[in-house]
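Subject: A structure for you to look at

Hello,

Here is the structure I promised to pass on to you. Please have it open while you read, and my notes follow below.

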Amino acid sequence: FMALEKENGAQVLLLGTPYRSQFGQNSADGVRVHNYLRGHVVDGEAVQLLDVNEHYAQLGFDYNDMRDDGHVNYAGSEKTSRFVGAYIRVHYAGLF
């Protein structure tokens, strides 16, 4: 997809959704993945990373909003969707 982004001048938003432990990763693994993305993929312009896990306070999100370790429940999905929608409206306003 990165070749398509460059070829077509598209903008890419990578999204980190809420999780406590996703796919057996511990928090150190999650940090490694995000560091890799930020260091090798995300350029801050055409490719951005929005990690919702870094915005729990803004969302009013807590672990009661999780169905299990890797999935949000209905309340969590509403909070996450509102936050991501607001982010897109602000940061990608020119696209709509």
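This is a predicted model: local features need pLDDT of at least 70, side-chain atom pairs count only at pLDDT 80 or more; totals for chains, interfaces and linings use all residues.

Let me start with the overall layout. The chain holds four helices and four strands, and from the N terminus their order is α-β-α-β-α-β-β-α. Of its 96 residues, 30% are buried. If you take the contacts between residues at least 6 apart in sequence, 65% of them join residues at least 24 apart.

Ten residues form the largest nonpolar core: Leu 50, Val 52, Tyr 56, Leu 59, Phe 61, Met 66, Phe 83, Val 84, Tyr 87 and Tyr 92. Two helices, H3 (56-59) and H4 (74-91), each contribute at least two residues to this core, and H4 gives the largest share, with three. Another core lies apart from this one; it has six residues, including Val 12, Val 42, Ala 46 and Val 47. In general, nonpolar side chains in soluble globular proteins tend to be buried together.

Leaving aside residues up to four places away in sequence, Phe 61 touches Pro 18, Tyr 56, Met 66, Val 72, Gly 76, Lys 79 and Thr 80.

Now for the strands. Strand S1 (residues 12-16) runs parallel to strand S2 (residues 47-51), and five bridges join the two. Across this pair, Val 12 stands opposite Val 47 of S2. Both of these valines belong to the six-residue core. S1 has two faces: Val 12, Leu 14 and Gly 16 are on the covered one, while Leu 13 and Leu 15 are on the uncovered one. Side chains in a regular strand alternate between the two faces of the sheet.

Finally, have a look at Asn 53, in the loop between S2 and H3. What does the side chain of Asn 53 make a polar contact with? One partner is the side chain of Tyr 56, at 2.7 Å. A polar atom of the Asn 53 side chain also lies 3.0 Å from the backbone oxygen of Thr 17. Not counting residues up to four places away in sequence, Asn 53 touches Gly 16, Thr 17, Pro 18 and Tyr 19.

Terms used:
Residues are numbered from 1 along each chain as its sequence is written. Side-chain values use heavy atoms; hydrogens and water are left out. Buried means under 20% relative accessible area, exposed over 50%, partly exposed in between (1.4 Å probe, protein chains only). Contact means heavy atoms within 4.5 Å. A nonpolar core is a set of buried Ala, Val, Leu, Ile, Met, Phe, Trp, Tyr and Cys residues joined through side-chain atoms within 4.5 Å. Two strands pair if DSSP finds at least two bridges between them. A polar contact is a pair of N or O atoms within 3.5 Å; within protein, one must be able to donate a hydrogen and the other to accept it, and residues adjacent in sequence count only if both atoms are side-chain atoms.
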